[in-house]
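Please look over the sequence and the model shown here before reading on.

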Amino acid sequence: QTQDYQTLDRQHHLHPFTDFKSLGEEGSRIITHADGVYIYDSQGSRILDGMAGLWCVNLGYGRQELVDAATEQMQQLPYYNNFFKTTHPPAVKLAAKLSELAPEHINHVFFTGSGSEANDTVLRMIRRYWAIKGKPEKQWVISRENGYHGSTVAGMSLGGMAPMHDQGGPCVPGITHICQPYWFGEGRDMSQESFGKQCAQALEEQILALGEDKVAAFIAEPVQGAGGAIIPPDSYWPAVKEVLAKYDILLIADEVICGFGRLGEWFGSTHYGLKPDLMPIAKGLSSGYLPIGAVLVGDRVADTLIEDGGEFFHGFTYSGHPVCAAVALKNLELLESERVVEKVRDELGPYLAKRWQELAEHPLVGEARSLGLIGALEIVADKSTGERFDKSLSAGNLCRDLCFESGLVMRSVGDTMVISPPLTITCDEIDELVSKARLALDKIAEKLAI
Ligand code: PLP
């Protein structure tokens with residue numbers, strides 16, 4: 001049966017972010033079911049999902065409550081839209097619940113079907129906002145190299161992933177990228193503190209280069225996820241906040257990964273004391289059980305759009321889809337009643353940090369970092385200098401494959417290994433994750449004869 005699936009897959013299925021031809025060689029791994037933090041493949045292997053799918057299955061797999069919420073809503077009202085002047089209870093209740101959970105200055109929600117659509121919506125909103133304010137010259141959006149904001153044309157353009165720009169260009173005009181606060185990769189010749197400040201200074205320099213009244217917004221993930229779990233130095237966000245306030249520039253905190261407990265707070269922005277004007281969200285909003293995204297809109301933008309904006313010509317067929325909204329609502333209820341976010345902050349995050357740090361002793365690890373339940377390992381050839389392995393060895397991909405063989409999903413971003421497990425992981429399962437990661441590192445050391 002596995003082979004049948006692999007054959008059909010090869011013949012008909014174009015996978016996202018995949019070299020299509022590579023499927024011809026080995027065939028895909030067929031995942032058949034999942035429970036808790038484990039996924040199972042068609043060969044019967046049990047694999048600890050250290051990535052929570054794609055950073056999204058925050059509550060873990062197999063939650064019957066979410067299945068029941070979907071079933072009930074399917075029976076009651078499987079679809080209706082929120083266009084014009086209609087809506088339905090799940091969308092209204094979810095908007096109210098998100099407003100309650102969000103920082104105090106955020107009281108409105110615009111629903112989308114995904115994180116990419118949320119970022120497209122953000123771009124539409126900020127342009128509209130400044131036009132209504134009589135400042136249409138505020139057009140530029142500053143983003144960061146290696147940031148990820150989605151795969152639509154606007155999402156790709158906002159993001160700073162070079163291969164996407166190379167293949168997908170021309171990008172949406174009016175978007176520019178500055179350095180990322182990636183201390184291990186780009187700033188090790190100075191202290192973390194100085195590097196964080198230097199990155200914020202780069203923001204100010206870019207603003208001045210573009211024209212101080214020409215910049216509409218700065219977009220960033222509180223912790224950069226797909227770029228390699230890049231946790232900024234403590235000095236970074238306070239300095240960025242100051243720059244944005246100085247030039248009256250909107251802050252968009254992309255919470256698609258950081259939202260819903262990943263950093264041990266409901267939103268990553270809370271961890272860093274940010275007051276974003278707009279927060280795109282998705283993924284953990286429904287724990288990935290159904291596709292749904294949204295933009296949380298702060299009062300400053302919402303009041304302007306509502307009072308002076310007239311009709312906003314924007315929306316998606318599945319904006320606030322009732323079944324997705326019902327599942328998201330139940331997901332939030334469970335995250336709350338099971339105190340999942342608090343547990344990440346007080347128990348699981350500190351436990352992971354302690355165990356993860358032990359891997360920093362490994363001869364192949366240049367840095368082990370984590371915050372809440374997101375973390376990364378930097379694989380290096382020379383621990384004392386931080387020098388990387390030759391690219392042709394693909395040490396990161398090797399590590400990813402060895403992890404998979406020993407029953408652990410980790411993601412490789414170049415030679416940075418990333419984890420982002422379900423937030424319902426236990427301390428014993430964290431132990432298992434860490435020992436499997438160590439095993440993979442040992443095997444690489446053996447293979448590459450370190
Ligand atoms: N923003 C961030 C920070 C993400 O990590 C992602 C997806 O990984 C997106 C946006 C895009 O979300 P989606 O894949 O749901 O369109």
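Valine 297 has its place in strand E10, which covers residues 293–298, where helices (H or I, at least four residues) and strands (E, at least two) are DSSP runs numbered from the N terminus. The model is a predicted one, in which local features need pLDDT of at least 70 and side-chain atom pairs count only at pLDDT 80 or more, while totals for chains, interfaces and linings use all residues. Residues are numbered from 1 along each chain as its sequence is written.

Is valine 297 buried or exposed? Valine 297 is buried, because 27 other C-beta atoms lie within 10 Å; the term buried requires 20 or more other C-beta atoms within 10 Å of the residue's own, exposed means 12 or fewer, and partly exposed lies in between, with C-beta atoms placed from the backbone. Leaving aside neighbours within four places in sequence, valine 297 is in contact with Ile106, His108, Val109, Phe110, Leu278 and Ala302, a contact being a pair of residues whose C-beta atoms, placed from the backbone, lie within 7 Å. Asparagine 107 is 190 residues away from valine 297 along the chain, yet their C-alpha atoms are separated by 6.8 Å.

Arginine 144 belongs to strand E5, residues 140–144, and counts as buried because it has 26 C-beta neighbours inside 10 Å. When residues up to four places away in sequence are not counted, arginine 144 touches Gly160, His177, Ile178, Cys179, Gln180 and Ala220. Between arginine 144 and alanine 162, which are 18 residues apart in sequence, the C-alpha to C-alpha distance is 11 Å.

Alanine 226 lies in the loop that runs between strand E7 (215–220) and helix H11 (236–246), and it too is buried, because 21 other C-beta atoms are found within 10 Å.

Turning to helix packing, helix H6 (residues 115–132) and helix H13 (residues 299–308) pack at an angle of about 65°, and their axes are 10 Å apart; axes here are lines fitted to C-alpha atoms, for helices over the stretch in contact, and angles run from 0 to 180 degrees between N-to-C directions. On the H6 side the contact is made by Met125, Arg128, Tyr129 and Ile132, and on the H13 side by Val301, Thr304, Leu305 and Asp308. By class, this contact of H6 with H13 has five nonpolar, one polar and two charged residues, where Ala, Val, Leu, Ile, Met, Phe, Trp, Tyr, Cys and Pro count as nonpolar, Asp, Glu, Lys and Arg as charged, and the others, Gly among them, as polar.

H6 also gives the most to the shell around the ligand, with three residues. Of the 16 residues around the ligand, Ser114, Gly115, Ser116, Gly150 and Val256 come nearest, a residue being near if its C-beta atom, placed from the backbone, lies within 6 Å. The shell divides into six nonpolar, eight polar and two charged residues.

At the level of the whole protein, there is a division into domain 1 (2–62 + 339–447) and domain 2 (65–337), with bounds that come from an automatic or database domain assignment. The centres of domain 1 and domain 2, taken over C-alpha atoms, are separated by 26 Å, and 27 residues of domain 1 are in contact with 23 residues of domain 2. On the side of domain 1 that touches domain 2, H15 gives the most, with five residues.

Notes:
Two residues are in contact if their C-beta atoms, placed from the backbone, lie within 7 Å.
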